[in-house]
Amino acid sequence: MTKGSTLASVTLTDDTEKLSPLWNPMRMARELGLPVKFDGGAGHFVCVDGFGPPSTEESAAGLPGHGEAHTETFAVRSERQGATTAVTLTAQLPLVQELFTRTFRLVDGENVVSVESELESLLAFDRPINWAEHATIGSPFLESGVTVVDFSGSRSQTRPYASARNGDVDRRLVPGKDFTWPLAPALDGTIVNLRQTPEHPHFLDHATTLLDPQRELEWVTAINPKKRLIVGYVFRRADYPWLQYWGYYPANGKMARGMEFGTQPYDVSRKEAISTGEMFDTPTYRWLAAKGKIKTHFLLFYARIPEGFNKVDDVAIENGEIVISDRSAGTQVKLATVERL
């Protein structure tokens, strides 16, 4: 989408159903007979510069939640070279005085989308910034009791909160508790396996995970084994050391699950993220130098999986392929890619 440079939908060319795994709140609203409005917040959108609500002062100055980028209309340039199609979107963020550029590349016959981004400061002083990729899957790909999420992390924490009720859903996790992914403490005294999409949904979950410090490349995947489909991301840990899990599971079945990788543990205000400083011995923000630039690069893949492929234990890039391994099944899915991270 030109608004926000949002990746709103991805489908397989041979899929007659044209099922996108990404969250589509506009379609869900139409199906529920509710008003439909696109504000850049759908599918996979970028939260920069900001990930979470603005402060009172920022809001009064016009700064939206999750940063400016998702609300701006981007200029578009496209090109075709050989088997590669590239689309570059650029917008100036006037309130934070930054220039944001994002390039999507897709090679004919591949199941991989390359996304390269650049954030440039237009100001003459160093500044801390907040940046997250709000990658979110949704129903019907996100299916109760079926869809599972895996990623390269373990040290985790449930989000602190004050109220056990949030709108039309109940929180089910004990607030502010450290745990090892994916087994989190629940309010009813049980342990919840967070890789699984809950049955009998009426829940809201929120947790964060520090991605594996021993890895250079991190990954996150979602599998719908019934539909035999997998969607996932590979990215550099130096760019995005944190992954926030946000699970919105209302009783009406219009569910969304965030697999949000970024520079901070939770979607909180700029003041809170920077004041926190560190969590699990890892910074909760990133610096952007005076008149400087930050570049990031990640790969999105979407593909079919064989029968019995139910869990991802590792994702690696080897010899021009993304290799996705289910060790319990002794199976790998290999996707050709010309891209390198």
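Which element gives the largest share of the lining of the largest pocket? The legends below take up this question and then turn to a second site.

**View 1. The largest pocket in this predicted model.** In this model, which is predicted rather than determined by experiment, the largest pocket has a volume of about 550 Å³. Its lining is made up of 27 residues, and those closest to the centre of the pocket are Val 10, Thr 11, Leu 106, Glu 110 and Val 113.

**View 2. Strands in the lining of the largest pocket.** Two or more residues of this lining come from each of strand E3 (84-93), strand E4 (98-107), strand E5 (112-121) and strand E23 (293-304). The largest share belongs to E4, which gives four residues, and this answers the opening question.

**View 3. Residue classes around the largest pocket.** When the lining residues are sorted by class, 14 are nonpolar, nine are polar and four are charged.

**View 4. The second largest pocket and the residues at its centre.** The second largest pocket holds about 350 Å³ of space. It is lined by 19 residues, and Trp 23, Pro 25, Met 26, Gly 41 and Tyr 248 are the ones that lie nearest its centre.

**View 5. Elements and residue classes around the second largest pocket.** Helix H1 (25-31) and strand E18 (242-249) are the elements that each give two or more residues to the lining of the second largest pocket, and the largest share, four residues, comes from H1. By class, the lining of this second largest pocket divides into 13 nonpolar, two polar and four charged residues.

Note on methods. Residues are numbered from 1 along each chain as its sequence is written. This is a predicted model: local features need pLDDT of at least 70, side-chain atom pairs count only at pLDDT 80 or more; totals for chains, interfaces and linings use all residues. Side-chain values use heavy atoms; hydrogens and water are left out. On a 1 Å grid over the protein atoms alone, a cavity is a set of points where a 1.4 Å probe fits but cannot get out, and a pocket is an open set with protein on both sides within 12 Å along at least five of seven lines; lining residues have an atom within 4 Å of a point. Grid points are joined across faces, edges and corners, and a volume is the space filled by probe spheres set on the points. Ala, Val, Leu, Ile, Met, Phe, Trp, Tyr, Cys and Pro count as nonpolar, Asp, Glu, Lys and Arg as charged, and the others, Gly among them, as polar.
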